[in-house]
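Here's a quick tour of the model below.

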Amino acid sequence: MSYETVIGLEVHLQLATKTKAFCGCSTKFGARANSQVCPVCLGFPGSLPVLNEEAFRFAIKVALALNCKIQSLIKFDRKNYYYPDLPKNFQISQYDMPLSYDGFIDIAAKKIRIKRVHMEEDAGKLMHPEGESYSLVDYNRGGMPLLEIVTEPDLNSPQEAYDYLTKLKSILEYLRVSDCDMEKGSLRCDANISIRPQGETKLGTKVELKNMNSFRGVRSALEYEEKRQASVLDEKGKLIQETRLWDTGRCVTASMRVKEEAEDYRYFPEPDLVPFVVDRNQIEEVRSALPELPEARSLRFKEKLGLSDYDAGVLTGQVDVADYFEECLKLYPNAKVAANWIMGDVMAAVNTRNINIRELALTPIALVGLLKMIDSGAINGKMAKDVLIEAIETKASPDEIVRKKGLSQISDSSQIEEAVKKVLQKEIKSVDDYKAGKKAALGFLVGQVMKETKGKANPAMVNATLKKILGE
Ligand SMILES: [Zn+2]
């Protein structure tokens, strides 16, 4: 039987504020365990939470960028459950009156509706030392400001889920409200997936997937689950509503708990944070300060710079790459050339090193310097590629490298003529081939002259000189 897949995603985003959601504790990553805690985030009796203004502003920023409506009256609730990483036995969250609702993100001609974006605080972190009979808990993460971004079940394939997450992350990075680092846990994703026979309108039994720590992991887990559920139904089995964990090593999902009993939370209003009306002026203030988002930037690159759909999409996917590109353009007018170098050699270097383009030892100024050397004929394209790699590895400027290595391109016509003649004397067969009408032989001869000059000759001049001499 053929099935339709229905997926909904929940993303937890840690906001990059200086202090926690409801107290003044530092949010700095990597500090000694339990060194960033106070009576408020540990929930001592008598302590009172106070909403972090910056977190609230960040939350509005995200809600607006995701096209959400903002609730006029905001309320916080206590989500009650007992777990050792939660010293208060409840988590401050938002239940029936979330900050915002009813937004959307466009992915490849499809609208993915966003059900709600609400604020909450994080729990602490449990650690289970290997081989020991005890666990440790670090409350530094307790009380960190989080946003929960929940989609409607609008995604119909693992690839769509991947595309949605990529787009969401891109927007969040543009807003600069979080480092969006999945490895540090700043961005976490849970997925709900069910399948149903093609044409059926009722939703199938849903399974919640957790423990995925990359977008690829999310996609793989969903692909696995899609197949698993289909084979259960094909064999006339029954799916159960449960939470399953993605096992990265074995590439399978495994049951963690059956849903009904485990997650029956009790919510009630947080009495220590009064409901409040959001100031419309504040919303407008945040809205007017929103940065240009990836879609708008991509459109501008296409319209103003004449870049293709593909190029504009790649260059605006990450805010730092887009900024890098625009910094180059301030010093260098040829957008297409700069775009090609950034998308090609520069991004290749960034990706193999698994770093951010900002960490690359090749500034926009240095890259532009290289491009100008190509344009002036000082070096050729092939040499430029080598210089680029060396500049990245040694942190020296391209200019310096070319000078030190005497790499300058040979544009002296007599020198080139000399090399051409030398090659022609050696490669008699190719010369005959060329004269007999085999035009491809010319390419071989150009290659030989480049080799003869150790790649330094100006290729256009070599070409012209060869044609001139062979034509005689
Ligand atoms: Zn605290």
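## Ground rules

Helices (H or I, at least four residues) and strands (E, at least two) are DSSP runs, numbered from the N terminus. The model is a predicted one, so local features need pLDDT of at least 70 and side-chain atom pairs count only at pLDDT 80 or more, while totals for chains, interfaces and linings use all residues. Residues are numbered from 1 along each chain as its sequence is written, and side-chain values use heavy atoms, with hydrogens and water left out.

## Glu54

Glu54 sits in helix H2, which covers residues 53-65. Its relative accessible area is 18%, so Glu54 is buried (buried means under 20% relative accessible area, exposed over 50%, partly exposed in between, with a 1.4 Å probe and protein chains only). Set aside the neighbours within four places in sequence, and Glu54 is in contact with Thr17 and Lys18 (contact means heavy atoms within 4.5 Å).

## Overall shape

The chain has 17 helices and 16 strands. Its radius of gyration is 30 Å, well over the 23 Å that the globule rule gives for 472 residues, so the chain is more spread out than a compact globule. That radius is taken over C-alpha atoms, and the rule is 2.2 Å times the number of residues to the power 0.38. The C-alpha trace spans about 95 × 55 × 50 Å along its principal axes.

Buried residues make up 48% of the 472. Of the contacts with a separation of 6 or more, 68% are between residues 24 or more positions apart.

## The nine-stranded sheet

Nine strands form an open sheet with mixed pairing, in the order S2-S6-S7-S10-S1-S11-S12-S13-S14. Strands count as paired if DSSP finds at least two bridges between them. S2 (69-70) and S14 (252-258) stand at the edges with a single partner strand each, so one side of each has no neighbour in the sheet.

S6 in turn runs antiparallel to S7 (residues 110-121), joined by seven bridges, with Phe104 opposite Arg113 in S7. S6 and S7 form a hairpin with two residues between them, and Ala108 in the turn has a positive phi of about 25°.

What about a parallel pair? S12 (residues 207-212) and S13 (residues 242-247) run parallel and are joined by four bridges. Here Lys210 stands opposite Leu245 in S13.
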